[in-house]
Amino acid sequence: MYQLIVLFFEITILRKGPQDVPASPWLLRLMFIPYLLVNLLILLLDSDWSHALLQIAAETVLMVGFCYPLLYFSGKTARFPQTLTALLGADVVISLCAIPAVASLNTQISQVAYIAMIVLMGWHWLVNGNIFRHALDRPLMFGLALAFLYILISTQVMTLLFTEIAASD
C-alpha cells in the first residue's frame, strides 16, 4: 500500500506517469474507494450525502467517458486501466491537499484560500495533462490541451447538472 501512495505522489510531481501504474483491473476498482472517500469528504463540507454522491457519480462517469474514447480513437485502449487508475490516484492526492483550502473557503473567505485553490487547480491540470501525454505518447502541450478540454467539459456538465441543487439548498 505504501508503494502505491508513493507512486501516486510521484505521478503528481511529474516523476512518473500512467505507464508506471500496474495494469490491474483490481487496482483500478480499488482506487475508486479512496477517490469516493476523499471527494465525499470535500463535498460534504458544503452539501448533503445524496447530492455529494450524485456529484461523485457524475464526475466519475465524465472521467471514464472522456478517457476511454480518447484512448479508443488513439488505438491505445489497452492503456485504459493504467490511465484511469493514474487519474484517480492523482485526484486523491491533490484533493487531500485541497481539503484545508476548501474548508477555509467554506468557513471564511480569504485571499490565501483562493490563491491556494488556483494553485491546486493549476497543479491538477498539469498532472492530468502529463497523464494524457504519456497515455497517448504525445507532447506535453497536447496533453495539457486535452486536460483543459476535460476541465471545460466537466465544468459545463457539472454546472448544468448541479446548479439547481446548489440554488435549492
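Predicted model: local features only at pLDDT ≥ 70, side-chain atom pairs only at ≥ 80, totals over all residues.
**Entry: the record**

I started with UniProt, where an unreviewed entry places the feature "transmembrane region" at residues 26–45, 51–72, 84–103, 109–127 and 139–162. I then checked two of these spans in the model. Residues 26–45 come out as 90% helix and 0% strand, and the end C-alpha atoms sit 30 Å apart. For residues 51–72 I got 100% helix and 0% strand, with 31 Å between the end C-alpha atoms.

**Entry: helix 1 and what comes after**

Which residues of helix 1 are buried? I found Leu4, Leu7, Phe8, Glu10, Ile11 and Thr12. The cover over these buried residues includes helix 2, helix 4 and helix 5.

Helix 1 is followed by leucine 14, which lies in the loop between helix 1 and helix 2. I looked at the backbone here: phi of leucine 14 is positive, near 65 degrees, and this residue is not a glycine. Leucine 14 has a relative accessible area of 36%, so I noted it as partly exposed.

**Entry: helix 2**

I wanted to see if the length of helix 2 made sense. Helix 2 takes in residues 25–43, which is 19 residues, and at 1.5 Å a residue they should span 27 Å. The end C-alpha atoms are 27 Å apart, so the two values agree.

Next I listed the buried residues of helix 2: Leu27, Leu28, Met31, Tyr35, Val38, Asn39, Leu40 and Ile42. What do the buried residues of helix 2 pack against? I found helix 1, helix 3 and helix 4.

Helix 3 covers residues 49–73, 25 residues in all. From its first C-alpha to its last I get 36 Å, close to the 36 Å expected at 1.5 Å a residue. Just after helix 3 comes glycine 75, with a positive phi of about 70 degrees.

I picked out glutamate 59, which is found in helix 3. Is glutamate 59 buried or exposed? Its relative accessibility is 18%, so it counts as buried, the cut-off being under 20%. I then looked up its contacts, leaving out residues up to four places away in sequence: glutamate 59 touches Tyr35, Tyr150, Ser154 and Met158. Tyr35 is also on my list of buried residues in helix 2. With methionine 158, glutamate 59 is 99 residues apart along the chain, yet their C-alpha atoms are separated by 7.6 Å.

**Entry: helix 4 against helix 5**

How do helix 4 (residues 80–107) and helix 5 (residues 111–136) cross? Their axes come within 9 Å and cross at roughly 175 degrees. That angle is why I call helix 4 roughly antiparallel to helix 5, since angles over 145 count that way.

On the helix 4 side, the contact is made by residues including Thr83, Leu87, Asp91, Ile94, Cys97 and Leu105. On the helix 5 side, I noted Tyr114, Met117, Leu120, Trp123, His124 and Phe132 among them. The contact residues divide into 19 nonpolar, 4 polar and 1 charged.

I also stopped at glycine 122, which is found in helix 5. Glycine 122 has a relative accessible area of 30%, so it is partly exposed. Leucine 43 is 79 residues from glycine 122 in sequence and 20 Å from it in space, C-alpha to C-alpha.

**Entry: the loop into helix 6**

Between helix 5 and helix 6 there is a loop that holds aspartate 137. Aspartate 137 has a positive phi of about 55 degrees although it is not a glycine.

In helix 6 I looked up methionine 141. Methionine 141 has 63% relative accessibility, so it counts as exposed. Leucine 4 is 137 residues from methionine 141 in sequence, and their C-alpha atoms are 27 Å apart.

Phenylalanine 148 is found in helix 6 too. At 44% relative accessibility, phenylalanine 148 counts as partly exposed. How far is the C-alpha of phenylalanine 148 from that of glycine 129? I got 7.9 Å, with the two residues 19 apart along the chain.

Key
Residues numbered from 1 in each chain as written. Heavy atoms only, no water. Axes fitted to C-alpha atoms, helices over the stretch in contact; angles between N-to-C directions. Helix = DSSP H or I, 4+ residues; strand = E, 2+ residues; numbered from the N terminus. Parallel < 35°, antiparallel > 145°, perpendicular 65-115°, else oblique. Contact = heavy atoms within 4.5 Å. Nonpolar A, V, L, I, M, F, W, Y, C, P; charged D, E, K, R; others polar. UniProt positions renumbered as here; feature names shortened; annotations may be inferred. Expected span 1.5 Å × (residues − 1). Buried < 20%, exposed > 50% of the residue type's maximum accessible area, 1.4 Å probe, protein only.
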